[in-house]
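Good morning, and thank you for joining.

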Amino acid sequence: VCCGNFSHSRDAWPPCRQIWCPDCYKCHGIGMYPMTVIRDEAGNKWFKQEERQHRLNHGVAGVHLVVPFQCEICWIRNLEGRNPEPGLDDLYVSHIRRANLDAMAGKAKNTILTHRRNVKRMLRDAIEIGKTPSTLPRGPFPLDDKVGMSLAVDELHYSITGRGRINDHVQFDTIRKLRSSYTKMWESSPRGVLEGASFAKGTGRVRPTA
């Protein structure tokens, strides 16, 4: 599992050196984040529950080839313009790690491994015939948040601090309302107005003006 900024120096920051074996890239707060336990009608755990939890809490070989992966140090640089401080930013870093793992869990493990094999084949074949690889560079990423990591951190923090009416934790349908609030704030901000302005003509047709 390799950071997209590996070996690249962005702005005045030293080159990133963050890389892990799949099982080494694991959730910092296992048990802290609410996770559904699948049970049958008798209340018994699903026989693959432990395998599922391991999958959700650990990386997968080659996952950086199918998701825009950046390490926690690079994300703190993107969002705050500084390096993470031990002790002060431990929970912040834990949320970023959890968000990265959630992005990885959005892809089936076998799908990731298949793409990894295909990319290795393309690179091997390109070397064999002296061809420029068809694959695009995996980095470096800009010093910015282009994928919504900041909002993902807000949602994850809400998931461990909010209290539901029935359960001890709030449900996802409640947490995701933060995205709606963010969208409305964006649309009504000066930048959002400039980038998202549009007008409607006739019925059902909307055209962007910028």
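By buried I mean a relative accessible area under 20%. Please keep in mind throughout that this is a predicted model.

Let me begin with helix H3, residues 90-105. Which of its residues are buried? They are Tyr92, Val93, Ser94, His95, Ile96, Arg97, Arg98, Ala99, Asn100, Leu101 and Met104. The cover over these buried residues includes H1, helix H2 (72-80), helix H4 (109-129) and H5.

I turn now to H5 (residues 149-161) and its pairing with H7 (residues 177-187). Their axes come within 10 Å and cross at roughly 145°, and the crossing is right-handed. On the H5 side, the residues in contact are Leu151, Asp154, Glu155 and Tyr158; they meet Leu178, Arg179 and Tyr182 of H7. Sorted by class, this contact comprises 4 nonpolar and 3 charged residues, with no polar ones.

Finally, consider Arg17, which lies in the segment before helix H1 (49-57). Is Arg17 buried or exposed? It is exposed, because its relative accessible area is 54%, and the threshold for that term is over 50%. Beyond its neighbours within four places in sequence, Arg17 is in contact with Phe6 and Ser7. Its C-alpha atom is separated by 8.8 Å from that of Cys2, 15 residues apart along the chain.

Technical notes: Residues are numbered from 1 along each chain as its sequence is written. This is a predicted model: local features need pLDDT of at least 70, side-chain atom pairs count only at pLDDT 80 or more; totals for chains, interfaces and linings use all residues. Side-chain values use heavy atoms; hydrogens and water are left out. Axes are lines fitted to C-alpha atoms, for helices over the stretch in contact, and angles run from 0 to 180 degrees between N-to-C directions. Helices (H or I, at least four residues) and strands (E, at least two) are DSSP runs, numbered from the N terminus. A crossing is left-handed if the near helix is turned anticlockwise from the far one by less than a right angle, and right-handed if clockwise. Contact means heavy atoms within 4.5 Å. Ala, Val, Leu, Ile, Met, Phe, Trp, Tyr, Cys and Pro count as nonpolar, Asp, Glu, Lys and Arg as charged, and the others, Gly among them, as polar. Buried means under 20% relative accessible area, exposed over 50%, partly exposed in between (1.4 Å probe, protein chains only). The expected span of a helix is 1.5 Å times one less than its number of residues.
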